[in-house]
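Here is a report on a single chain. Please read it beside the sequence and the coordinates.

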Amino acid sequence: MIIRKLHEAGLRSEHAYLAAVASIGLSFMSWTASAKMERSGIDRADRWGIFVGEWAPTFFCLGLALAQYESAGADNPLWSDDPRVSAPA
């Protein structure tokens, strides 16, 4: 249901993959900026890098789900909102 709504809103798998790659780059940039600009030390820079770096797997998973939805089509029972409809065995 969520994947269908995201797809209907215009989000495609390529957008999610692009966001994942961008978050990896942003993670490196935030680590570098924090390490050079803050006096808190490398520990805080590591926390910033890890925090932003954790977004990438989420975006990759969304990309995979959207790609599966796009290839299966909206008529596939796997994507049905009806709980009585089961996936084919």
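## Basis of the model

Helices (H or I, at least four residues) and strands (E, at least two) are DSSP runs, numbered from the N terminus. The model is predicted: local features need pLDDT of at least 70, side-chain atom pairs count only at pLDDT 80 or more, and totals for chains, interfaces and linings use all residues. Residues are numbered from 1 along each chain as its sequence is written, and side-chain values use heavy atoms, with hydrogens and water left out.

Confidence is given as pLDDT, the predictor's confidence in each residue, from 0 to 100. The chain has a mean pLDDT of 81. A value of 70 or more is reached by 79% of its residues.

## Overall fold

The chain holds four helices and zero strands. Along the sequence the pattern reads α-α-α-α.

Burial is judged by relative accessible area: buried means under 20%, exposed over 50%, and partly exposed in between (1.4 Å probe, protein chains only). Of the 89 residues, 21% count as buried. The accessible surface comes to about 6400 Å², by the Shrake-Rupley method with a 1.4 Å probe, where for residues only the protein chains shown count as cover. Carbon and sulfur atoms hold 65% of that surface.

Contact means heavy atoms within 4.5 Å. Take the contacts in the chain with a separation of 6 or more: 65% of them join residues 24 or more positions apart.

S13 is found in helix 2, which covers residues 13–37. S13 counts as buried because its relative accessibility is 4%. Leaving aside neighbours within four places in sequence, S13 is in contact with G63, L66, A67 and E70.

E14 is in helix 2 as well. With a relative accessible area of 52%, E14 is exposed.

## W31 and I42

W31 is found in helix 2. Its relative accessible area is 31%, so W31 is partly exposed. Residues up to four places away aside, W31 touches I42, A45, D46 and G49. The C-alpha atoms of W31 and W48 are separated by 5.9 Å, and these residues are 17 apart along the chain.

I42 is found in helix 3. At 45% relative accessibility, I42 counts as partly exposed. Not counting residues up to four places away in sequence, I42 touches W31 and A35. From I42 to T32, 10 residues apart along the chain, the C-alpha separation is 9.6 Å.

## Helix 3 against helix 4

Two packed helices are described by the angle between their axes and the distance between the axes. Axes here are lines fitted to C-alpha atoms, for helices over the stretch in contact, and angles run from 0 to 180 degrees between N-to-C directions. The axes of helix 3 (residues 42–53) and helix 4 (residues 55–72) come within 5 Å and cross at roughly 5°. Helix 3 is therefore roughly parallel to helix 4. Angles under 35 degrees count as roughly parallel, over 145 as roughly antiparallel, 65 to 115 as roughly perpendicular and the rest as oblique.

Which residues of the two helices meet? F51, V52 and G53 of helix 3 meet W55, A56 and P57 of helix 4. By class, this contact has five nonpolar, one polar and no charged residues. Ala, Val, Leu, Ile, Met, Phe, Trp, Tyr, Cys and Pro count as nonpolar, Asp, Glu, Lys and Arg as charged, and the others, Gly among them, as polar.

## Y69 in helix 4

Y69 lies in helix 4. Is Y69 buried or exposed? Y69 is buried, with a relative accessible area of 5%. The C-alpha atoms of Y69 and I3 are separated by 7.5 Å, and the two residues are 66 apart along the chain.
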